[in-house]
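Hi,

Here's the structure I promised to pass along.

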Amino acid sequence: MTLEQLNQLPEAEAETLMRDCCAAEAWVRGMVGARPFSSPEALHGTARALWPSLMESDWLAAFEAHPKIGDIKSLKARYASTEAMASGEQAGASVAPEAVLHRLKEGNDAYYARFGFIFIVCATGKSAEQMLELLEARLPNERAEEIRVAAAEQAKITHIRLDKLL
């Protein structure tokens, strides 16, 4: 798709595409309402400008749209609409040793129990072992700090997905 095509999409179609990049409705509405974008840089600039306006509930909605790291079946079953966007994001987990995948599952369960949302990490380019190391390093965080860290990871993921649109 070209930037011009994105700018000219009907609102509902543009919302669907933006929601595949980040499921925070306030962000989706802001992105669609900001069209037309003059350049890819303007598209990304708008995304960055919207982050500070999001509330915790927006971030939690965005996090909810992600599969658990290492849960490839969940990726395919629950998030079919974002499968094309997310397909390469967990490549490192798809070739991980069974023991690492087991620790990722246990870590994800502990993370969810502690924070109330799934572990969010920009997995692109990371091995399962690296994701596990990040998960374990973030488990001691306080909830407010972890939401901030997860939101920053969500922003990275979103920018990668925006690049995939064009």
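Bear in mind that this is a predicted model. Its largest nonpolar core has 45 residues, and those with the most contacts inside it are Leu6, Met18, Trp27, Met31 and Leu162. H11 provides the largest share, seven residues.

Leaving aside residues up to four places away in sequence, Met18 touches Leu6, Trp27, Val28, Met31, Val32, Phe37, Leu43, Leu162 and Leu165.

Now for the charged pairs. Searching the whole structure gives seven salt bridges, and I picked out a few of them.

- Glu56 pairs with Arg143, with their closest N and O atoms 2.7 Å apart. This one links distant parts of the chain: Glu56 sits in helix H5 and Arg143 in helix H11, 87 residues apart. Both ends are partly exposed, Glu56 with a relative accessible area of 40% and Arg143 with 32%.
- Glu25 and Arg19 form a salt bridge through their side chains, at 2.5 Å from N to O. Glu25 is partly exposed at 32% relative accessible area, and Arg19 is likewise partly exposed, at 29%.
- Glu146 and Arg138 also meet in a salt bridge, at 2.5 Å from N to O. Here both Glu146 and Arg138 are buried.

Cheers

Note on methods
Residues numbered from 1 in each chain as written. Predicted model: local features only at pLDDT ≥ 70, side-chain atom pairs only at ≥ 80, totals over all residues. Heavy atoms only, no water. Core = buried A, V, L, I, M, F, W, Y, C linked by side-chain atoms within 4.5 Å. Buried < 20%, exposed > 50% of the residue type's maximum accessible area, 1.4 Å probe, protein only. Helix = DSSP H or I, 4+ residues; strand = E, 2+ residues; numbered from the N terminus. Contact = heavy atoms within 4.5 Å. Salt bridge = Lys/Arg side-chain N within 4 Å of Asp/Glu carboxyl O.
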